[in-house]
Amino acid sequence: MRLDVVLRIGTKLVLPFMLLFALYVQFHGEYGPGGGFQAGVIAAGMVILYALVFGVARAKLIAPQRLVEFMVPLGVLIYAGTGVVTMLLGQNFLDYDVLDHTARHGRERGIFWVEIGVLVTVASTMIAIFYAFVERGR
Amino acid sequence: MELLINTALLTLLAAVTIGIARQRNLFGAIILAGIYSFLMASLLILLDAVDVAMTEASVGAGVSTVFLLAALHLTRSLEQKSMKTPVVPLFVALCVGAALVWGTVGLSPFGTPDAPIHQHVAPTYLTNVVKDSGVPNVVTAILADYRGFDTLGETVVIFTGGIGVMLLLRGSGRKRREEREGAEGKAGAKSENEA
């Protein structure tokens, strides 16, 4: 009956590595290729793959729809919020120099938060669009 | 060797493009579009644009293929034959293509270091990036630091796109129609009672 057992087990084996790779691409983006955008797409791809194989109902248990839709604007707010923080600390919008003791570390920290913002928005938008398509199909 | 790989990839790219244009079955067209993206990603790796190649592979081949398949799920999977022979569009496409090819004649040769694009801000970025921000990947530094405003705009674009799709596919449409039908049904029942 269940001829898709290879697909299911294979998916389960691949999923943790996809998440790990997404995190690697995210946090190693300063040193190697990648960054928030690519990492967000890979992380969303993990949820979408899970939804394709195990059904959307179970995917919504790991990525609840309300949380996903909450994260879509949250990422933009994190990005813009970094700019606002730099403004509050007395610099221009998105001028990261003041985020740490030295300008160099401040910039590294600024890039880190900005990339987090991109990751959050991209990943949640991709998942939300996928959910919207699936709901429409029912 | 690189010439050989480039030629092979570009030939395959052209073949896939013709395949997409000729394909009537939309499922086949979507799969071919995914193959196109992977070929494009390989080409971008050959051009040493690894960041772009990664984006192309994950977005172009991965997520867009899934979205297109999901969209196909909502429609029919066979493209209808067009009634007219597309003479005017073909003419426009040929003209634009010819203009683009003509435009490439004016470009400086491929990979020359003294091309205008390598003279403007790129040297400043390349020399200052590690000193300024301690981020060895220049692409990330430019995207998130030097061009932070652009990337903020891109993020907002993605946000807007997501919101738009959600509104189009979920917000209006079925739910409201059902509500309207429900209201009309109630109204109809009421008038019948009165009669």
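Modeller: A residue is buried if 20 or more other C-beta atoms lie within 10 Å of its own, and exposed if 12 or fewer do. Keep that cut-off in mind for this predicted model.

Biologist: Does G40(A) count as buried or exposed?

Modeller: G40(A) sits in helix α2 of chain A. The cut-off for burial is 20 or more neighbours. G40(A) has 30 C-beta neighbours inside 10 Å, so the residue counts as buried.

Biologist: Which residues does G40(A) touch, leaving out those up to four places away in sequence?

Modeller: Q26(A) lies 14 residues from G40(A) along the chain, and their C-alpha atoms are separated by 8.0 Å. Beyond the residues up to four places away in sequence, the contacts of G40(A) are V118(A), L119(A), V122(A) and A123(A).

Biologist: What is the radius of gyration of chain A?

Modeller: The C-alpha atoms of chain A fill a box of roughly 65 × 30 × 20 Å along the principal axes. A compact globule of 138 residues would have a radius of gyration near 14 Å. For chain A the value is 18 Å.

Biologist: What share of the 138 residues in chain A is buried?

Modeller: Take the contacts in chain A between residues at least 6 apart in sequence: 62% join residues at least 24 apart. Buried residues in chain A make up 43%.

Biologist: How are α4(A) and α5(A) oriented relative to each other, roughly parallel or roughly antiparallel?

Modeller: The axes of α4(A) and α5(A) are 7 Å apart, at an angle of about 150°. Angles over 145 degrees count as roughly antiparallel. Therefore α4(A) and α5(A) are roughly antiparallel.

Biologist: What is the handedness of the crossing, and which residue classes make up the contact of α4(A) with α5(A)?

Modeller: The crossing of α4(A) past α5(A) is left-handed. The residues of this contact divide into 16 nonpolar, eight polar and one charged.

Biologist: Which helix of chain A supplies the largest share of the side that touches chain B?

Modeller: The contact joins 44 residues of chain A to 39 residues of chain B. On chain A, α2 (36-54), α4 (65-88) and α5 (103-137) each supply at least two residues of that side. The largest share is 22 residues, and they come from α5(A).

Biologist: How many charged residues are on the side of chain A that touches chain B?

Modeller: That side has 25 nonpolar and 12 polar residues. The charged residues there number seven.

Biologist: Which residues of chain B does E30(A) touch?

Modeller: E30(A) is in the loop between α1 (5-27) and α2 of chain A. The cut-off for burial is 20 or more neighbours, and E30(A) has 20, so this residue counts as buried. Not counting residues up to four places away in sequence, E30(A) touches I111(A) in its own chain, and in chain B V135(B), P136(B), N137(B) and T140(B).

Biologist: What share of the 195 residues in chain B is buried?

Modeller: Chain B has eight helices and zero strands. Of the contacts in chain B with a separation of 6 or more, residues 24 or more positions apart account for 39%. The buried share of chain B is 18%.

Biologist: How do α5(B) and α6(B) pack, roughly parallel or roughly perpendicular?

Modeller: Helix α5 (residues 122-133) and helix α6 (residues 138-146) of chain B pack at about 75°, with their axes 10 Å apart. Angles of 65 to 115 degrees count as roughly perpendicular. So α5(B) and α6(B) are roughly perpendicular.

Biologist: Which residues of α6(B) meet α5(B)?

Modeller: By class, this contact has seven nonpolar, one polar and one charged residues. From α5(B) come Y125(B), L126(B), V129(B) and S133(B). From α6(B) come V138(B), A141(B), I142(B), D145(B) and Y146(B).

Biologist: Does D48(B) count as buried or exposed?

Modeller: D48(B) is in the loop between α2 (26-46) and α3 (50-74) of chain B. D48(B) has a positive phi of about 65° although it is not a glycine. With 8 C-beta neighbours inside 10 Å, D48(B) counts as exposed.

Methods: Residues numbered from 1 in each chain as written. Chains lettered and ligands numbered in written order. Predicted model: local features only at pLDDT ≥ 70, side-chain atom pairs only at ≥ 80, totals over all residues. Contact = placed C-beta atoms within 7 Å. Helix = DSSP H or I, 4+ residues; strand = E, 2+ residues; numbered from the N terminus. Nonpolar A, V, L, I, M, F, W, Y, C, P; charged D, E, K, R; others polar. Axes fitted to C-alpha atoms, helices over the stretch in contact; angles between N-to-C directions. Parallel < 35°, antiparallel > 145°, perpendicular 65-115°, else oblique. Left-handed = near helix turned anticlockwise from the far one by under 90°. Rg over C-alpha atoms; globule rule 2.2 N^0.38 Å.
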